Amino acid sequence: MGKTLRVNVGDTTRFRVLSEDQISEILGAALEILEGVGVKVNDEEALKLLQKGGARTEGDDLVKIPSALVRRALQTAPGRIVLANRDGGRDLVLERNRIYFGTGSDCPFVIDPYTDERRQCLFDDVLRAARVADALGDIDFFMSLGLVSDVPRLTYDRHQFLAMAMGTRKPLIITCLDRNGLADQYEMACLIVGGERTFQANPYFALYAEPSSPLTHSKEAVGKLTFAAERGIPVVYTPGSSGGATAPATMAGILAQGLAETLSGLVISQLKSQGAPFIMGGVHTIMDMRMGIFSYGAPELSLLSASMTDISKELNLPVFSTAGCGDAKILDEQAASEASISLLLAGLSGANLIHDVGYLESGLLGSLDMLVLSDEVISATKRILRGVKVNEETLAVDVIANVGPGGHFVGEEHTRRHVREEHWLPTLMDRTNREGWEKGGAKTLGRRVRERVIDILEGYEPDPLDGQLLGELKTIVALADERYAEK
Amino acid sequence: MSSTVERIRREIVSGHVEESVEAVKEALQQKIPPQEILDDGLLPAMERVGSLFQEGEIFIPDVFFSAKAMHGSMDILRPLLAPSRLMEMGSVVIGTVLGDIHDIGKKLVSTMFEGAGFNVVDLGVEVSPEAFVQAVEAHQPQIVAMSTLLTTTMMNMGATVEALLKAGVRERVKILIGGAPVTRAFAEEIGADGYGSNASTGLEEAKALLAALKGEGK
């Protein structure tokens, strides 16, 4: 794995969507929504925390949050969070402009790489996805990609976590049914890393939780949020609103409401435990007004993600972003285009955790093909992000003088010295001439991608979990199965 | 056709809520029979809206406003129409299942149903199997429609079908399910009668189920 790329600094390519004035107007609108409109909080503990903290409650569950509370929460939240891999290595440093890419989670369907059949996701599919993610050089963290369906439904999240930890040593972002599901996964993670203190020093996973747009925090979401805050588990608190349906149709309105939703989560987390690690999110896009779907391939999704990232830098909060996903049904030309536009934009924006790589079918299908193609697109994206290095050596005036008009540069030492660093080389994109391409079987990108998927599945073995440890993890899962089977 | 009925059609297709209601009132003042207002005004208007939507000429919010106009007009006509005619148009009890607070998809479906002339009883979100049973007993609908966005709450659709069976009201109704993770295979698995992959196919399915129910003489 290459070194972390920090963008929008030094020689790297600069990019931003929102001006400072625009950010301040959007933030003002979000604060007004919190103070004037309020949010629904369907959880007793959080309601009490908010009341005690100075928020005004109306009726059973409406909470109006004064902006002073938000300001205070922004001050106590850590501006940087580190996520560690299974062996404790501090791989992901979530700081301004440091970018990392990873999968999304919980798609109900997969395409079987051997039969091409679209079917429900099984335990082995999540294990496969984890192994592929582990093998890919530009995938930095792993979410389950699929939703495990061949296990008891009330404890599927523990099984899913087991598959994830078995398949990859990369840092994880997990999902859970509720607090109990989180508690079990936390216990499993502590067992893996060697205790609670080690987990807290080097968190092996972040938790994904989501409020429901518009402006509602469900009991489950808040329960997860406060459980995590208490234990120092980093939380990605990410509303997913669809413009024109669960949020206004306008981009600025989506951003203002989305920000209000994630910031109210921040307030709850900081009231529960000052300094609790909080990652702001927002998977915002439009609802397609003909199909009624939440579009994962819309250009607006990328525009909104990059905007949220601009805002996160102003707030000094790590940010969760979205790319490498689409509405296409298989890895076709549409999918490739959706992946390319979104990955480039998210990378340019300098977002920390860029997730959902591998999503197709508007989030219903986790695709290993899309994941593998995206890995290549990310690699190319990073070349663009590294930008243009300008100094005496790279300007190469003396080399140009040496070659002179009419000469060539192939024989220059300068060329040999710089070509590997300055030129990006593809591994999937085809640059052979037509004859070479035809000799190689005239394969489309889709076929080359699938062959890479199969190569990884058959030829790559991730570092295994220790046998005894695996047994203990399975015991925790089995105990959970028993507890729920009794009910 | 009277020019007022024509105007009703136009206003509903354009999604002008107040204007539609005004036009209906005017038509009644002109002694145009309510039945005629419904059959020549409201229903053809919503059919036109449906086909414009299918052709991609208009979008979901446009349909929403037309449905609102239709609904507002129906509120005036309903007390004046023969009960048998109302029964013919069908009624539906709808809700998002227990454990899920997602509202928007179900609301869109409700609106489409209202737009098509169904009498819709919307039970809201997090509706328990028992609440569905009670609503079926209280409102005597022909269709029970359930929605969920979460894969984790899909099983509560099955639990609702079970509850309707246990309460002995299953045979009276047709059960329609929908939501992003739901498939036709899942509908069959839990013993539902129909499945809609989006609001408009849900409506088509509901109409077909209603016709089937009539065929069974219920």
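This report walks through a sheet and some aromatic contacts in a predicted model.

**The sheet**

Let's start with chain A, where 4 strands make an open sheet with parallel pairing, in the order β10-β11-β13-β15. Strands β10 (172-174) and β15 (278-280) of chain A stand at the edges with a single partner strand each, so one side of each has no neighbour in the sheet. On average, neighbouring strands here are turned by 30 degrees against each other, direction ignored. Strand β13 (residues 235-237) of chain A runs parallel to β15(A) and is joined to it by 3 bridges; Val235(A) stands opposite Phe278(A) in β15(A).

| Helix of chain A | Lies across | Angle |
|---|---|---|
| α6 (residues 179-193) | β10 and β11 of chain A | about 170 degrees to β11(A) |
| α9 (residues 251-272) | β13 and β15 of chain A | about 175 degrees to β15(A) |

**The aromatic rings**

Now for the rings: there are 11 aromatic pairs over all chains. In one of them, Phe161(A) and Phe205(A) have ring centres 5.7 Å apart and planes at 85 degrees, so this pair is edge-to-face. Phe161(A) belongs to helix α5 (residues 156-167) of chain A and Phe205(A) to strand β11 (residues 205-209) of chain A, so the pair ties together parts 44 residues apart in sequence. Phe161(A) is buried at 1% relative accessible area, and Phe205(A) is buried at 0% relative accessibility.

Both residues belong to one aromatic cluster, together with Tyr186(A), Phe199(A), Tyr204(A) and Phe227(A). Over the ring of Phe227(A) sits the charged end of Arg231(A), 3.6 Å from the ring centre. Elsewhere, Arg118(A) lies over the face of Phe109(A), at 3.8 Å from the ring centre.

Terms used. Residues numbered from 1 in each chain as written. Chains lettered and ligands numbered in written order. Predicted model: local features only at pLDDT ≥ 70, side-chain atom pairs only at ≥ 80, totals over all residues. Heavy atoms only, no water. Phe/Tyr/Trp six-rings, centres within 6.5 Å; stacked < 30°, edge-to-face > 60°. Helix = DSSP H or I, 4+ residues; strand = E, 2+ residues; numbered from the N terminus. Buried < 20%, exposed > 50% of the residue type's maximum accessible area, 1.4 Å probe, protein only. Lys NZ or Arg CZ within 6 Å of the ring centre and 35° of its normal. Pairing = 2+ DSSP bridges. Axes fitted to C-alpha atoms, helices over the stretch in contact; angles between N-to-C directions. Contact = heavy atoms within 4.5 Å.
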